[in-house]
Amino acid sequence: MTASIPPIRVGLGYDTHRLGNGGPLRIGGINLDCQIHSIGHSDADVLLHAVTDAILGSIAEEDIGRLFPDNAAENHDRNSADFLHEAIQRLRSHGMEIANMDCVILAERPKMAGHIDAMKAAISKITETPIDRIGIKAKTGEGIGPIGQGEAISARAVVLVYKV
Ligand SMILES: [Zn+2]
């Protein structure tokens, strides 16, 4: 990164997965005991994927799909904490740290409210970032569209990073 770049940068991440019958639902680095699961090549953690892409985007690196292809055997059923950890390592290799992140989960079910603190704790641990720098909220799809009909789950994340 050149000296002319200001000491703060921003990154945006987005992800969606189809949902299938049978739990648990892997999201935010934890397992939710419910009757649906997220479908994907890895553990299909939609929130960690969005956060990973936000961090990679903040340093203008390749996205999660390029770094961890979904046709690579080593990524099958892989813990998405590995992807997020790699993104953080790359961020720190640029001498940067997370100022804060804010995330939105879009899911009709299950109710996320009681699990937000556990997700924050998991992301805090993986990224070695203080928990008060991590925002997570959840919204439903109001019964309409792929989210509202329970066909898909989605997440957005924005991250602000700064030069240490
Ligand atoms: Zn994903």
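Helices (H or I, at least four residues) and strands (E, at least two) are DSSP runs that are numbered from the N terminus. The model is a predicted one, in which local features need pLDDT of at least 70 and side-chain atom pairs count only at pLDDT 80 or more, while totals for chains, interfaces and linings use all residues. Residues are numbered from 1 along each chain as its sequence is written, and side-chain values use heavy atoms, with hydrogens and water left out.

Pro 110 is joined to Arg 109 by a cis peptide bond, with omega at about -10°. Another cis peptide bond links Gly 23 to Pro 24, where omega is about -5°, and Pro 24 sits in the loop between β1 and β2 (25–27). Most residues other than glycine have a negative phi, and most peptide bonds are trans.

Backbone angles also draw attention to Asp 77, which has a positive phi of about 60° although it is not a glycine. Asp 77 belongs to the loop between α2 (64–67) and α3 (81–93). Glu 128, likewise not a glycine, has a positive phi near 50° and lies in the loop between α4 and β6 (134–139). To describe accessibility, buried means under 20% relative accessible area, exposed over 50%, and partly exposed in between (1.4 Å probe, protein chains only). Asp 77 counts as exposed because its relative accessible area is 56%, and Glu 128 is exposed because its value is 59%.

We turn next to the metal. The zinc ion is coordinated at 2.0 Å by Asp 15 (OD), His 17 (NE2) and His 49 (ND1). Donors are N, O and S atoms within 2.8 Å of the metal (3.2 Å for Na, K and Ca), and because water is not among the atoms, sites may look incomplete. Along the chain, the donors of the zinc ion follow the spacing D-x1-H-x31-H. His 17 in strand β1 (residues 8–21) and His 49 in helix α1 (residues 46–58) are 32 residues apart, and the pair links distant parts of the chain. Both His 17 and His 49 are buried.

Where is the place of Leu 160? Leu 160 is in strand β7, and at 31% relative accessibility this residue counts as partly exposed.
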